[in-house]
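Here's a quick tour of how the pieces of this fold pack together. Have the structure open and follow along.

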Amino acid sequence: VPELSIVGLIGGECFGAAAAAALQEADVVIGASRHLAALGPDVGGERVELGGAADALHAAAQRAGDGARVCLVVSGDPGFFGLARLAAARLGSAVRVHPAPSSVSVAFARLSCAWDDAVVVSAHGRPMGHALEAVCVHSKVAVLTGPDQPPEALGRALLAEGGPPRRVAVCSQLGEAGETVWLGDIAGLSQGAFDPLSVVVFQAPEPAQAGMGITWGRPESEFQHRRGMVTKAEVRAVALGKLGIPAAGVLWDVGAGSGSLAIEAARLAPGLRVFAVESDPLDAARLRSNVGDAGVTVVEGRAPEALRNLPDPDRAFVGGGGLTVLDAALARLRPGGRVAATYASLQRAAGAAERLGHLVQVAVSRGARVGPDSGWRLNAENPVFVCWGPDE
Ligand SMILES: C[S@@+](CC[C@H](N)C(=O)[O-])C[C@H]1O[C@@H](n2cnc3c(N)ncnc32)[C@H](O)[C@@H]1O
């Protein structure tokens with residue numbers, strides 16, 4: 001079977017002696033014009049300009065079949081969102097792959113950032129739904145963009161989705177003389193005009209960068225609320241712990257009341273998309289004013305109907321609405337997700353525990369001074385049941 005070399009280039013350079021030799025010895029070099037233009041004049045024999053993967057591969061296989069030594073030049077690592085998959089499927093082991101560093105590797109290097117924990121998605125020549133979902137759910141994502149979906153189109157679509165708070169970097173012409181790295185946020189991304197062939201990196205803000213310490217279970221007095229309609233500080237602290245707040249993803253606070261849980265979750269994880277659902281118009285107004293700049297979307301409406309247009313949750317807290325709402329949240333929960341709910345009623349708590357698997361009673365007695373010299377007594381709060389699950 002005739003051999004075919006696929007050589008990756010970044011900034012017009014290949015990596016390693018074997019790649020250089022394959023280029024030098026080639027009778028025919030096939031690739032997109034920008035890759036061919038980057039090669040030195042001494043490289044290869046005949047040059048055939050073919051951008052489309054399938055066409056290039058077809059031509060390469062044909063010429064190799066005629067006995068020519070053929071090199072296909074592509075960007076970065078051909079095995080990473082590149083031609084290697086298609087070539088291997090068509091030609092098997094007759095293909096020699098010579099990778100250069102991937103554009104994604106170079107993009108993260110420019111940001112001085114590790115990327116073994118990043119999710120990489122391509123929106124090059126395919127719909128961007130997958131990329132949008134990844135950016136909303138994960139805290140570190142790189143998206144390969146192309147002419148059909150340039151970086152700004154991704155920005156506009158994310159803004160329309162309710163735009164999760166993200167630091168954004170658009171890395172273009174990596175390794176080339178015109179290399180640029182733009183830094184901004186999703187609003188800025190949506191308004192820009194970028195090179196379509198870019199790597200766009202999205203990162204959830206760190207709590208410290210957002211200027212906040214890690215605190216939760218703050219006193220009820222910090223949230224405007226209808227008398228008693230606020231999750232008590234100590235119960236909220238336990239509920240947040242049982243929920244487990246991820247750095248990114250979607251959280252619903254259903255029957256949000258003052259919004260205290262939603263607001264604390266958003267402050268703990270600024271990369272999370274938090275929706276607070278409240279049906280009472282007055283409570284919803286108070287909730288909006290409590291939210292301030294915490295990054296919580298207030299949804300005024302009655303659950304479960306009001307949940308219909310929200311993205312599926314990774315976490316849901318059910319503070320109001322009973323078991324019907326709990327069932328609605330569970331039905332929409334994403335894989336690996338978790339729900340927590342609080343109840344005053346033992347019957348409802350038992351029903352929730354049947355569904356979720358865990359129940360604890362939180363009985364808080366707050367210490368209070370009896371008088372200037374008479375020491376302390378305990379004021380008992382009504383017990384609250386916190387239920388959570390399911391287990392992963
Ligand atoms: C079909 S993918 C190939 C990815 C390639 N295999 C790699 O490892 O970089 C093409 C996409 O890679 C990205 N890309 C390739 N070279 C680039 C460069 N020099 N600067 C920025 N992005 C680049 C762009 O997102 C482009 O749309």
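Helices here are DSSP runs of H or I with at least four residues, strands are E runs of at least two, and both get numbered from the N terminus. What is the phi of Phe81 near? It comes out near 50 degrees, a positive value in a residue other than glycine. Keep in mind that this is a predicted model.

## The five-stranded sheet

Next up is an open sheet of five strands, ordered β6-β7-β10-β8-β9, with mixed pairing. At the edges sit β6 (119–122) and β9 (180–184), each pairing on one side only. Going from one strand to the next, the twist averages 15 degrees. In general, strands of a sheet pair through backbone hydrogen bonds, either parallel or antiparallel.

Zoom in on β6 and you'll find that its pairing with β7 (residues 140–144) is parallel and runs over four bridges. If you want a spot to check, Ser122 has Leu144 of β7 as its bridge partner. Helix α7 (residues 151–160) packs on this sheet, where it touches β7, β8 (167–172) and β10 (198–203). The direction of α7 makes about 30 degrees with that of β10.

## A strand, a helix, a strand

Now move along to β12 (residues 272–278) and β13 (residues 296–300), which run parallel and are joined by five bridges. Phe275 is bridged to Thr297 in β13. How does the chain get from β12 to β13? It goes through helix α11 (residues 281–291), and this β-α-β crossover is right-handed.

## Two helix pairs

Take α9 (residues 233–243) and α10 (residues 260–268): their axes come within 11 Å and cross at roughly 55 degrees. The two are therefore oblique to each other, and the crossing of α9 and α10 is right-handed. From α9, the contact draws on Arg236, Ala239, Leu240 and Leu243, while α10 brings Ser260, Leu261, Glu264, Ala265 and Leu268. That contact splits into six nonpolar residues, one polar and two charged.

The other pair is α12 (residues 322–332) with α13 (residues 346–356), whose axes come within 10 Å and cross at roughly 15 degrees. Angles under 35 degrees count as roughly parallel, so α12 and α13 are roughly parallel to each other. The crossing of α12 and α13 is right-handed. On the α12 side the contact is made by Gly322, Leu323, Leu326, Asp327 and Leu330, and on the α13 side by Arg348, Gly351, Ala352, Arg355 and Leu356. Sorted by type, the residues of this α12–α13 contact are five nonpolar, two polar and three charged.

## Cis peptide bonds

Worth a look before you set anything up: which kind of peptide bond links Ala303 to Pro304? The bond is cis, with omega near 5 degrees. Pro304 lies in the loop between β13 and β14 (315–318).

You'll find Pro390 in the segment after β19 (384–389).

Key:
Residues are numbered from 1 along each chain as its sequence is written. This is a predicted model: local features need pLDDT of at least 70, side-chain atom pairs count only at pLDDT 80 or more; totals for chains, interfaces and linings use all residues. Side-chain values use heavy atoms; hydrogens and water are left out. Two strands pair if DSSP finds at least two bridges between them. Axes are lines fitted to C-alpha atoms, for helices over the stretch in contact, and angles run from 0 to 180 degrees between N-to-C directions. Contact means heavy atoms within 4.5 Å. Angles under 35 degrees count as roughly parallel, over 145 as roughly antiparallel, 65 to 115 as roughly perpendicular and the rest as oblique. A crossing is left-handed if the near helix is turned anticlockwise from the far one by less than a right angle, and right-handed if clockwise. Ala, Val, Leu, Ile, Met, Phe, Trp, Tyr, Cys and Pro count as nonpolar, Asp, Glu, Lys and Arg as charged, and the others, Gly among them, as polar. A crossover is right-handed if, with the strands pointing away from the viewer, the path from the first strand over the helix to the second runs clockwise.
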